[in-house]
Amino acid sequence: DDKQVTLWRLPNFERVRVVAGHGWRVTSVAFSIDGKFSLSGSEDDSVKLWNVATGQEVRSFQNGLADVTSVAFSPDGRLGLSGGKDKAVKLWNLKNGREVQEFKGHSGTVRSVAFTRDGRFVLSASEDGTIRLWDLSAGKEFRTFTGNVGAATSVAVSPDGHDVASGDADGAIKVWQLPQAAWPSREEDQK
């Protein structure tokens, strides 16, 4: 409830920096792949981009957001992703601060978001019990995964980019194979 983001250094849990700027509880944080930036989502209906080295806020995103519950960086660090109580998944251009796309289809709060390994697709987990795969180039839903007993609370993509795992409110973990169209390209597999 302190409305702050705290950066800790492992393994000793040394507090490196505390940044303040949100008006309400921070619910999600993510690092860019290079570690230079972080995103935070908050119940104050905003997403913030931070410079990790300085602790300075770079940009705030607020276009129609409602209680942000999850944030993620694209693999190349140019895009941000958010989900929340507005039941939508929003894609942000981190350089200019503009909303790039909005994906709608969930009937419950979006609890978790993730990019596929090559950044061509995104995934969302919702309280409606579904995991949805969204195609960024087509701008629409590609597939819905069902089978969670309760609310889907978490989503993650396997390191090889071929599978997706979700957690649900009843304590179950489900693993599905992504459609081959969502797998990383052969060039990406060789990285």
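Colleague: Which residue's side chain does the side chain of Ser158 join in a polar contact?

Modeller: Asp160, at 2.6 Å. Keep in mind that this is a predicted model. The side chain of Ser158 also reaches the backbone nitrogen of His162, at 3.4 Å.

Colleague: Where is Ser158 placed, and is Ser158 buried or exposed?

Modeller: Ser158 sits in the loop between β15 and β16 (163-168). Its relative accessible area is 18%, so Ser158 is buried. The cut-off for buried is under 20%.

Colleague: Now the core. How do I read that?

Modeller: Start with the general idea. In soluble globular proteins, nonpolar side chains tend to be buried together. Here the largest nonpolar core has 14 residues. Those that touch the most other members are Leu123, Ile131, Leu133, Phe145, Val155, Val164 and Leu178.

Colleague: Which strands each supply at least two residues of this core?

Modeller: β12 (121-126), β13 (131-135) and β15 (152-157) do. β12 gives the most, with 3 residues.

Colleague: What does Leu178 touch, not counting residues up to four places away in sequence?

Modeller: Its partners include Leu123, Leu133, Phe145, Val164 and Trp183. Thr116, His162 and Asp163 are also among them.

Colleague: Which residues make a nonpolar surface patch?

Modeller: Trp8, Leu10 and Phe13 make one of about 380 Å². Trp8 belongs to strand β1 (residues 4-9). Its relative accessibility is 44%, so Trp8 counts as partly exposed.

Colleague: Next, charges. What is the idea behind a salt bridge?

Modeller: Side chains of opposite charge can pair when their charged atoms come close. This model has 12 salt bridges. Take Lys85 and Asp67, whose side chains meet at 3.2 Å, N to O.

Colleague: Why does the pair of Lys85 and Asp67 tie together parts that are apart in sequence?

Modeller: Look at the loops. Lys85 lies between β8 (79-84) and β9 (88-93), and Asp67 between β6 (57-61) and β7 (68-73), so the pair links parts 18 residues apart in sequence. Lys85 is partly exposed, at 42% relative accessibility. Asp67 is buried, at 19%.

Colleague: What about Lys48 and Glu57?

Modeller: Their side chains form a salt bridge at 3.4 Å, N to O. Lys48 is buried, at 6% relative accessibility. Glu57 is partly exposed, with a relative accessible area of 36%.

Colleague: How far apart are the closest N and O atoms of Asp128 and Arg132?

Modeller: They are 3.9 Å apart, in a salt bridge. Asp128 is partly exposed, at 24% relative accessibility, whereas Arg132 is buried, at 12%.

Colleague: Which residues do salt bridges with shared partners join into one network?

Modeller: Lys90, Glu99, Glu102 and Lys104.

Terms used: Residues numbered from 1 in each chain as written. Predicted model: local features only at pLDDT ≥ 70, side-chain atom pairs only at ≥ 80, totals over all residues. Heavy atoms only, no water. Core = buried A, V, L, I, M, F, W, Y, C linked by side-chain atoms within 4.5 Å. Buried < 20%, exposed > 50% of the residue type's maximum accessible area, 1.4 Å probe, protein only. Helix = DSSP H or I, 4+ residues; strand = E, 2+ residues; numbered from the N terminus. Contact = heavy atoms within 4.5 Å. Patch = residues over 30% accessible without salt bridge, like charges linked within 9 Å, V, L, I, M, F, W, Y side chains within 5 Å. Areas by Shrake-Rupley, 256 points an atom, 1.4 Å probe, with all protein chains shown as cover. Salt bridge = Lys/Arg side-chain N within 4 Å of Asp/Glu carboxyl O. Polar contact = N/O pair within 3.5 Å; in protein donor to acceptor, adjacent residues only side chain to side chain.
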